[in-house]
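Here is a briefing on one structure. Read it with the model open beside the text.

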Amino acid sequence: MAERPTLTTSAGAPVADNQNALTAGPRGPILLQDYQLIEKLTHQNRERIPERPVHAKGWGAYGTLTVTGDISKYTKAKVLQPGAKTPMIARFSTVAGELGAADAERDVRGFALKFYTEEGNWDLVGNNTPVFFVRDPYKFPDFIHTQKRHPRTNLRSPTAMWDFWSLSPESLHQVTILFSDRGLPQTVRHMNGYGSHTFSFINAQNERFWVKFHFKTLQGHKHWTNAEAAEVVGRTRESTQEDLFNAIEKGDFPRWKMQVQIMPELDADRTPYNPFDLTKVWPHADYPPIDVGILELNRNPDNYFAEIEQLAFAPSNIVPGIGFSPDKMLQGRIFSYADAHRYRLGTHYEALPVNAPRCPVHHYHKDGPMRFFANNPDPDAYYEPNSFNGPAQKPEVAEPPLRISGDAARYDHREGNDDYSQPRALFMLFDEGQRRRLFLNLAEAMFGVPDFIVERQLGHFEKVHPDYAEGIRKELARMTEAKAAEWSHRQEMGEAPQAAE
Ligand code: NDP
Ligand code: HEM
């Protein structure tokens with residue numbers, strides 16, 4: 001057996017005894033001088049950091065993006081040039097559950113990717129769905145509050161969820177996906193990922209294109225029904241962690257085909273839908289997916305806390321050749337994530353190894369928590385402008401000007417928006433079995449919610465397709481009958497109170 005390294009204090013001095021506290025006599029008490037005991041206890045008290053306010057439960061791994069296609073006429077980003085191979089890390093997650101939540105829950109899955117490119121980190125912080133529940137970031141905190149615990153009961157509240165959704169018809173598309181088969185994937189290996197927002201590409205001629213990113217699973221889609229998931233959670237709460245970790249450990253590396261949809265810049269004024277609306281997809285027939293390459297995950301992290309819990313993604317992390325778009329939700333997210341990281345991890349969170357770019361980094365930010373990295377090459381260049389050869393801006397990477405216009409106002413984002421056609425297109429894709437499971441999943445989720453809310457929501461499903469509302473109504477009626485039968489059986493058995501005269 002290899003010689004064991006010496007146990008040391010965190011200051012590096014050897015430790016004589018790690019089993020017995022320092023006491024006055026064998027029965028104690030303990031001496032304050034036992035600094036090693038104090039250090040162990042105080043370190044333990046600081047082992048937790050705030051969990052992410054959303055997407056707290058997650059699973060991650062390292063991998064590579066290999067570009068096999070040629071989209072160089074759309075983007076100059078080096079990470080997307082033919083033949084490029086870029087190291088990356090992925091973190092998948094559920095949205096609503098806390099850090100210790102069970103994995104096999106019906107919820108949207110996060111699909112966050114950090115590419116360590118030679119031009120800086122590019123983060124694509126998407127989901128396993130191409131759309132989202134709201135289209136204005138002003139509504140995101142309200143929406144998330146309905147998914148988290150009720151302030152008084154400390155329980156999840158189906159009433160709050162359906163109240164919000166039924167008052168927000170823009171959620172219909174995502175609600176339909178969430179309660180379809182794809183809303184409960186067996187593992188993250190068996191689901192697609194989407195950048196979801198519209199981003200922009202800029203090519204070597206400084207022309208702009210709008211772009212959407214897709215990652216198609218090469219493992220095939222696999223889902224649980226609600227009943228199967230309940231059985232899985234009864235067996236293990238960590239089904240996804242086990243699946244992803246073990247697959248990579250035994251060399252069965254999960255892969256996704258990366259594709260983009262490209263829209264010429266000026267088309268954005270012509271589409272019948274707002275191409276910057278996160279509740280809408282771009283139909284494939286209008287903007288066919290183009291193959292870009294293969295994403296493969298092939299290495300497990302060695303320390304979950306250091307590499308996955310402290311991993312920090314931000315949609316604000318883009319590189320030359322990739323840009324933002326006028327999507328309001330994206331604009332809200334550009335602000336929100338780095339703010340969350342400064343609170344959750346500390347000011348210089350990007351200096352942590354898992355977040356650090358793998359290219360030279362030079363900036364003029366100064367002190368604060370985690371300022372352990374080196375100065376700029378000349379320590380006299382700690383402000384700008386300076387005469388000491390400090391880091392200088394690079395005008396060549398400036399984006400072409402973006403045409404925008406309009407009077408500043410709070411525009412009603414629900415006005416003139418068709419919230420029904422795209423959920424209908426999805427509903428029409430479902431076969432009979434998929435529809436049956438959709439109706440059942442929705443009815444199970446809505447059962448017990450006050451009638452006026454259920455009716456308001458059924459009104460929206462009706463506008464998507466009469467069969468949609470009808471299917472859920474039938475399931476709800478069946479559940480009500482079953483409940484009534486169970487109640488009368490319990491009364492007969494003397495297990496339930498008699499109804500008041
Ligand atoms: P297409 O038939 O050209 O594309 C259908 C898309 O839907 C494919 O990407 C497919 O993904 C996906 N899909 C197939 N079955 C399901 C399902 N049961 N649940 C969720 N997604 C599914 O049609 P359109 O592009 O015109 O889109 C029609 C509808 O499909 C949209 O309204 C939207 O709801 C949904 N969709 C569209 C996407 C897009 O970017 N256009 C992306 C994802 C969904 P896969 O190839 O992996 O099976
Ligand atoms: C996590 C905000 C919408 C995907 C987070 C976090 C915040 C946040 C604060 C926690 C970050 C952290 O502590 O590390 C918002 C806001 C949104 C929004 C304000 C809307 C305005 C979205 C959308 C998507 C998305 C539309 C997907 C398309 C994710 C993912 C994570 C996350 C995947 C987890 C990242 C990780 O694995 O660390 N979000 N979010 N979010 N969000 Fe959002």
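Pro29 sits in the segment before helix 1. Its bond to Gly28 is a cis peptide, with omega at about 0°. The model is predicted.

**Backbone geometry**
- Pro385 belongs to the loop between helix 8 and helix 9.
- Asn154 has a phi near 60°, which is a positive value in a residue other than glycine.
- The loop between helix 2 (140–147) and helix 3 (158–166) holds Asn154.

**UniProt record**
- An unreviewed UniProt entry lists residues 8–392 under "domain: Catalase core".
- Across residues 8–392 the chain is 21% helix and 19% strand.
- The end C-alpha atoms of that stretch lie 44 Å apart.
- Under "active site", the unreviewed entry lists His55 and Asn127.
- These two positions are spread over 73 residues of sequence, yet they cluster in space, with a largest C-alpha distance of 10.5 Å.
- His55 is in the loop between helix 1 (35–45) and strand 1 (58–67).

**Shell around ligand 2**
- Ligand 2 has 28 residues around it.
- His55, Arg91, Gly110, Pro137 and Ser196 come nearest to ligand 2. One of these, His55, is also listed by UniProt under "active site".
- Helix 8 supplies the largest share of this shell, eight residues.
- At least two residues each come from strand 2 (85–94), strand 3 (109–117), strand 4 (120–127) and helix 8 (328–344).
- By class, the shell around ligand 2 holds 14 nonpolar, 10 polar and four charged residues.

**Shell around ligand 1**
- Ligand 1 is surrounded by 18 residues.
- The closest to ligand 1 are Val281, Pro283, His284, Ala425 and Leu426.
- Helix 9 (residues 421–429) gives the most to this shell, four residues.
- The shell around ligand 1 divides into 10 nonpolar, five polar and three charged residues.

**Helix 10 against helix 12**
- The axes of helix 10 (residues 432–446) and helix 12 (residues 466–492) come within 8 Å and cross at roughly 55°.
- That angle makes helix 10 oblique to helix 12.
- The crossing of these two helices is right-handed.
- From helix 10, the contact uses Arg435, Phe439, Leu440, Leu442, Ala443 and Met446.
- Helix 12 meets them with Gly471, Ile472, Glu475, Leu476 and Met479.
- The residues of this contact are eight nonpolar, one polar and two charged.

**Helix 11 against helix 12**
- Helix 11 (residues 451–464) packs on helix 12 at an angle of about 140°, and their axes are 5 Å apart.
- Helix 11 is therefore oblique to helix 12.
- Helix 11 brings Leu458, Phe461, Glu462 and Val464 to the contact.
- On the helix 12 side are Pro466, Tyr468, Ala469, Ile472 and Arg473.
- This contact has seven nonpolar, no polar and two charged residues.
- Ile472 of helix 12 meets helix 10 and also meets helix 11.

Conventions
Residues are numbered from 1 along each chain as its sequence is written. Chains are lettered from A and ligands numbered from 1 in the order in which they are written. This is a predicted model: local features need pLDDT of at least 70, side-chain atom pairs count only at pLDDT 80 or more; totals for chains, interfaces and linings use all residues. A residue is near a molecule or strand if its C-beta atom, placed from the backbone, lies within 6 Å of it. Ala, Val, Leu, Ile, Met, Phe, Trp, Tyr, Cys and Pro count as nonpolar, Asp, Glu, Lys and Arg as charged, and the others, Gly among them, as polar. Axes are lines fitted to C-alpha atoms, for helices over the stretch in contact, and angles run from 0 to 180 degrees between N-to-C directions. Angles under 35 degrees count as roughly parallel, over 145 as roughly antiparallel, 65 to 115 as roughly perpendicular and the rest as oblique. A crossing is left-handed if the near helix is turned anticlockwise from the far one by less than a right angle, and right-handed if clockwise. Two residues are in contact if their C-beta atoms, placed from the backbone, lie within 7 Å. UniProt positions are given in the numbering used here, feature names are shortened, and annotations may be inferred rather than shown by experiment.
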